[in-house]
Amino acid sequence: AMFTIDSKGTILLLNDAAIDLFGYDYNELLGEPISKICGGDHAAKHQQYIENYLKTGVTKIMGKKREVQARKKDGTEFHVELGIKEIKTEDDGVIFAGFIKDLSHQKEQERQLRYRERVTQAAVDSSFDPMISINESGIIVSCNKAAINLFGYPRESFVRANISLICGDGHSKHHDEYIQRYLKTGHKKIIGRKRPTKAKRADGTEFDIELGVQEVVDEGTGQRLFCGYIRDMTVQKLQKARMMKHESSIQDDFFGPSAASTKAMKTPISRGESNASSTDGKSSGRMPKRLLHHANTTM
């Protein structure tokens, strides 16, 4: 759509696209102030804008494009992109040509995109397992609440940080190299698999995790994202250590410590010791009281 106005803001010319966009008849706009189609608070201020420019010559919007609100005949307001150009007339006067692009469709697409992003984020946040996505430069572009809680960083500083921030076990300084090597060679070492590794919290403590990585390609831009799925293995590691300790304790109770057993096998037993052991019940086939109590409590 296109309009031309004089220094008083009066519409001198408009095209058919302008008529269709704003819903007026041609004669309803010709000779009217341009403020008639201005949205927001620009309608009351528009003439002042023109006077300020003619007085000072300071070009705030001249020759530039900017987004403003416009108003249709039915009163509805909508976003437009406005570009203004100054034109000198033969009598040393000036007129202004305005070029308008309707942004309604673009704004609706942006609104739908924001809605989908909110829905996607809500679905990701509902996961109990931490999830983090990074770009080709290793920058964190999104994460869920579980990741925030696990690593202890506020979302504002966590998102847009490099993923090396949470890498443990010496991987921090090499992580960007891992990504660039994969992008260059295409050789997958961890993508599509799960593996144990170390991670680091905000307080500097390192802990065991299980990490799974998947690659996602944006069909529109071709940009790659890497989505990491993290499982905190701290509890599982503790449980495994306790189980191994318990099993070791049971073996020691029944068979004795391995070192002591080996020493006993190498030490000869005298006839006196053999007779004594047979009389005190230690080799009579009866189970010692401590082991008998353990067996009764576990069976």
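## Close-up views of a predicted model

View 1. Nine bridges hold β9 and β10 together, and the two strands run antiparallel. Strands here are DSSP runs of E with at least two residues, helices are runs of H or I with at least four, and both are numbered from the N terminus. Two strands count as paired if DSSP finds at least two bridges between them. Across this pair, Leu211 sits opposite Ile230 in β10. Six residues lie between the strands of the hairpin, and in that turn Gly222 has a positive phi of about 80°.

A word on the model: it is predicted, so local features need pLDDT of at least 70 and side-chain atom pairs count only at pLDDT 80 or more, while totals for chains, interfaces and linings use all residues. Numbering starts from 1 along each chain as its sequence is written, and side-chain values use heavy atoms, with hydrogens and water left out.

View 2. Thr197 belongs to β8, which covers residues 194–200. Thr197 counts as buried because its relative accessibility is 12%; buried means under 20% relative accessible area, exposed over 50%, and partly exposed in between (1.4 Å probe, protein chains only). Leaving aside residues up to four places away in sequence, Thr197 touches His171, Phe207, Asp208, Ile209 and Leu211. A contact means heavy atoms within 4.5 Å.

**View 3. Helix α7 and its cover.** In α7 (residues 175–185), the buried residues are His175, Ile179 and Tyr182. Seen down the helix axis, they fall within an arc of 65°, so they line one face of α7. That arc is taken from the directions from the helix axis to the C-beta atoms. Lys184 and Thr185 are exposed on the other side of α7. What covers the buried residues includes β6 (131–134), β9 (206–217) and β10 (224–232). Just after the helix comes Gly186, with a positive phi of about 75°.

**View 4. The five-stranded open sheet.** The strand order is β2-β1-β5-β4-β3, with antiparallel pairing. β2 and β3 are the edge strands, each pairing on one side only. From one strand to the next, the twist averages 35°; axes are lines fitted to C-alpha atoms (for helices, over the stretch in contact), and angles run from 0 to 180 degrees between N-to-C directions. β1 and β2 share three bridges, and Phe3 stands opposite Leu14 in β2. Packed on the sheet is α3, which touches β1, β3, β4 and β5, its direction making about 135° with that of β5.

View 5. The largest nonpolar core has 24 residues, of which Phe3, Phe22 and Phe96 touch the most other members. Such a core is a set of buried Ala, Val, Leu, Ile, Met, Phe, Trp, Tyr and Cys residues joined through side-chain atoms within 4.5 Å. At least two residues each come from β1 (2–5), β2 (11–14), α1 (16–22), α3 (42–56), β3 (65–71), β4 (77–88) and β5 (94–102). Phe96 has contacts that include Phe3, Ile50, Tyr53, Leu54, Met62 and Ile84. Apart from this core lies another, of 23 residues, among them Ile148, Tyr153, Ile166 and Val213.
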